[in-house]
Amino acid sequence: MVNAISDRQFFTGVHLPSAEELGSVAEAEALAAAVGRVMPLEHGYCPETMDRTKPLTLPDVCMKPDFAGNEVVDLVGIRVYMGVRLIDKEMEIPLMTICVVGRERRPMKDGRRMLDYIKQRGAQAQYLLDQRISALS
């Protein structure tokens, strides 16, 4: 997901699993309805990511009490989160996040792989954002 944050979270780019990947059309439709395109700031992990200079990786969101009670754990079934903020480098302000979520927890040993993965995706997204900002200037 690419998530712009202001007074709410706005999913400007979302990829959800297909009905085939989830096992049924009904489950895919329910997931799409639950996620939607807008979410309150209290839900999800991206607002926390915006406040961090380093990526946030959670191989099992339920292992951290402050994240386990997040409504998306039950609403969407999120168990894994990794995200990184994207910034306006000239103004040095965070603009949005890019994140990956999953519904099955990962072994803690996967934490390094998750961190490497989200750093790579974040660098790619930051490059594209920088190019877009430069073109608008």
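Modeller: The 17 positive and 19 negative charges of the protein have mean positions 7 Å apart. This is a predicted model, and its accessible surface comes to about 8400 Å², with 54% of that belonging to carbon and sulfur atoms. Of the 137 residues, 36% count as buried.

The part to look at closely is helix 6, which runs over residues 111–136. Helix 6 has 26 residues and spans 37 Å from its first C-alpha to its last, close to the 38 Å expected at 1.5 Å a residue. The buried residues of helix 6 are Gly111, Met114, Leu115, Ile118, Gly122, Ala125, Gln126 and Leu129. Here buried means under 20% relative accessible area. The cover over these buried residues includes strand 4 (56–58), strand 5 (80–88) and strand 6 (93–102).

As for the whole chain, the protein has six helices and six strands, and along the sequence they follow the pattern β-β-α-α-β-α-β-α-α-β-β-α. The radius of gyration is 15 Å, close to the 14 Å that the globule rule gives for 137 residues, so the protein is as compact as a globular protein of that length. Its C-alpha atoms fill a box of roughly 45 × 30 × 25 Å along the principal axes. Among contacts with a separation of 6 or more, 59% are between residues 24 or more positions apart.

Conventions: Residues numbered from 1 in each chain as written. Predicted model: local features only at pLDDT ≥ 70, side-chain atom pairs only at ≥ 80, totals over all residues. Heavy atoms only, no water. Helix = DSSP H or I, 4+ residues; strand = E, 2+ residues; numbered from the N terminus. Expected span 1.5 Å × (residues − 1). Buried < 20%, exposed > 50% of the residue type's maximum accessible area, 1.4 Å probe, protein only. Contact = heavy atoms within 4.5 Å. Rg over C-alpha atoms; globule rule 2.2 N^0.38 Å. Areas by Shrake-Rupley, 256 points an atom, 1.4 Å probe, with all protein chains shown as cover. Lys, Arg positive; Asp, Glu negative; His and termini not counted. Charge placed at Lys NZ, Arg CZ, Asp CG, Glu CD.
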